[in-house]
Amino acid sequence: MPEPILVVRDLVKHFPLTRGILFKRQIGAVKAVDGISFELYPGETLGIVGESGCGKSTVAKTLVHLERPTSGQVFYKGEDITRLSGRALKAVRRNIQMVFQDPYTSLNPRMTVGDIIGEPFDIHPEVAPKGDRQQRVRELLDVVGLNPEYIHRYPHQFSGGQRQRIGIARGLALNPEIIICDEPVSALDVSVQAQVINLMERLQDEFGLSYLFIAHDLSVVRHISDRVGVMYLGKMAEIGTDTQVYEHPTHPYTQALLSAVPVPDPEAREGRDRILLTGDVPSPADPPSGCRFRTRCWKAQPKCAQETPPLRALAPAGPTEAAVHASACHFPEPRPLLAVDGG
Ligand SMILES: Nc1ncnc2c1ncn2[C@@H]1O[C@H](COP(=O)(O)OP(=O)(O)O)[C@@H](O)[C@H]1O
Ligand SMILES: [Mg+2]
């Protein structure tokens with residue numbers, strides 16, 4: 001059983017809510033991420049899904065130190081990196097890179113592609129000494145399927161899909177082990193999405209990368225992920241292998257999300273009831289007591305308002321230790337007792 005490459009423990013990120021201009025008073029907090037735990041294993045893709053505003057990007061930013069967590073810990077290869085700074089942080093950050101959602105705004109329009117992709121070398125010159133940079137950038141362009149001759153062009157001269165390839169090339173520049181992908185294809189046309197996903201899968205095999213792949217589109221996540229975590233209002237509702245989560249969802253929120261995904265095959269559609277979620281997502285500044293999903297849940301009982309359901313492993317255990325299927329529901333749908341994962 002491999003050791004996880006990244007372990008996230010009880011991660012919390014609250015943003016202070018203030019009122020007043022001259023004399024700012026804190027009147028509360030946006031509980032963007034409120035106690036999230038998960039592991040990322042070497043070479044795997046862990047997908048994270050959830051509606052807009054549930055805290056996915058905040059998790060991503062905390063992992064790459066773009067946000068400082070309110071509490072909780074992040075371990076990289078067993079080392080607590082949560083509060084690293086300076087040289088030690090720099091060394092770790094090299095191995096954990098991020099690819100952003102919007103290829104139209106995440107690339108500096110005044111920089112050439114060569115400068116954009118090569119920028120990480122300014123911070124880590126040891127990866128590509130000055131004289132080798134151009135060559136290294138050309139290699140990276142080639143690796144992501146772009147013509148190395150484009151090195152002197154500017155972002156506006158590329159399509160959305162090509163820009164995202166540039167963003168990926170930049171993410172690869174320092175030979176990272178982990179890439180945090182925050183909705184990397186959400187801004188792209190469906191046909192282009194598939195090409196970029198295929199590229200990312202090929203790069204994963206070629207370089208042995210681990211991906212944390214964030215998206216709100218469940219089909220995209222299923223396609224690329226080995227395991228999937230479902231987030232709701234700053235918490236993990238359910239996590240498991242793609243088969244566990246997609247074929248045997250146990251949390252009502254997962255079931256509702258899945259029921260909204262169109263099923264092209266009429267036979268598969270049969271017997272599936274569409275669950276219509278009523279009510280809006282509550283504000284993360286004032287989440288419901290107990291289970292956060294209870295205000296929209298058709299199974300809610302008094303216990304759900306009183307006790308926060310922990311993310312608990314379900315029986316039977318998954319095929320491997322990494323494949324634990326866990327659900328944060330007081331009344332999870334039972335899983336069938338026979339092995340459902342085919343191995
Ligand atoms: N810098 C910030 N200051 C205050 N609130 C924030 C900040 N960043 C995110 N939030 C809030 O935190 C919640 C989660 O946001 P986010 O992580 O971007 O969700 P997602 O990526 O799932 O759409 C939202 O309510 C959002 O408005
Ligand atoms: Mg986001």
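1. A disulfide here is a pair of cysteine sulfur atoms within 2.5 Å. By that rule, the count in this structure comes to zero disulfides. C181 is in no disulfide, and the nearest cysteine sulfur, that of C54, is 16 Å away. C329 is in no disulfide either, with the nearest cysteine sulfur, that of C297, 6.2 Å away. For background, a disulfide is a covalent bond between the sulfur atoms of two cysteines.

2. A word on what you are looking at. This is a predicted model, in which local features need pLDDT of at least 70 and side-chain atom pairs count only at pLDDT 80 or more, while totals for chains, interfaces and linings use all residues. Residues are numbered from 1 along each chain as its sequence is written, chains are lettered from A and ligands numbered from 1 in the order in which they are written, and side-chain values use heavy atoms, with hydrogens and water left out.

3. Now for burial. A residue is called buried under 20% relative accessible area, exposed over 50%, and partly exposed in between (1.4 Å probe, protein chains only). C181 is buried, because its relative accessible area is 0%. C329 also counts as buried, because its relative accessibility is 10%.

4. Is L276 buried or exposed? L276 is exposed, because its relative accessible area is 65%. You will find L276 in the loop between α11 (266-269) and α12 (302-306). Helices (H or I, at least four residues) and strands (E, at least two) are DSSP runs, numbered from the N terminus. The C-alpha atoms of L276 and V190 are separated by 25 Å, and these residues are 86 apart along the chain.

5. Next, please have a look at ligand 1. A residue is near a molecule if one of its heavy atoms lies within 4 Å of it. The residues surrounding ligand 1 include F15, V30, A32, E51 and P284, along with G53, C54, G55, K56, S57 and T58.

6. Which contacts does ligand 1 make through its oxygen atoms? A polar contact is a pair of N or O atoms within 3.5 Å; within protein, one must be able to donate a hydrogen and the other to accept it, and residues adjacent in sequence count only if both atoms are side-chain atoms. A backbone N or O atom of G55 lies 3.1 Å from an oxygen atom of ligand 1. For S57, a polar side-chain atom lies 2.8 Å from an oxygen atom of the ligand. For T58, an N or O atom in the side chain is 2.5 Å from an oxygen atom of ligand 1.

7. Helix α1 (residues 56-63) is mostly covered, with six of its eight residues buried. Those buried residues are K56, T58, V59, A60, T62 and L63. After α1 comes H65, whose phi is positive, near 65 degrees.

8. V74 sits in strand β4. V74 counts as buried because its relative accessibility is 4%. The C-alpha atoms of V74 and T62 are separated by 8.9 Å, and the two residues are 12 apart along the chain.

9. Two more backbone angles deserve a glance. Most residues other than glycine have a negative phi, and most peptide bonds are trans. D10, in strand β1 (residues 6-19), has a positive phi near 50 degrees. K77 has a positive phi near 50 degrees as well, and K77 lies in the loop between β4 (71-76) and β5 (79-80).

10. Where is E238, and what does its side chain reach? E238 is in strand β10, and E238 is buried because its relative accessible area is 0%. A polar atom of the E238 side chain lies 2.9 Å from the backbone nitrogen of T250. The side chain of E238 also reaches the backbone nitrogen of H251 at 2.9 Å.

11. Finally, the cavities. On a 1 Å grid over the protein atoms alone, a cavity is a set of points where a 1.4 Å probe fits but cannot get out, and lining residues have an atom within 4 Å of a point. The structure holds three cavities of 30 Å³ or more. The largest cavity has a volume of about 100 Å³, and its lining includes Y232, H251, C291, R292 and P309. Strand β10 (residues 235-241) gives the largest share of that lining, three residues. The second largest cavity has a volume of about 70 Å³, and among its lining residues are H251, C297, C304 and C329.

Methods:
On a 1 Å grid over the protein atoms alone, a cavity is a set of points where a 1.4 Å probe fits but cannot get out, and a pocket is an open set with protein on both sides within 12 Å along at least five of seven lines; lining residues have an atom within 4 Å of a point. Grid points are joined across faces, edges and corners, and a volume is the space filled by probe spheres set on the points.
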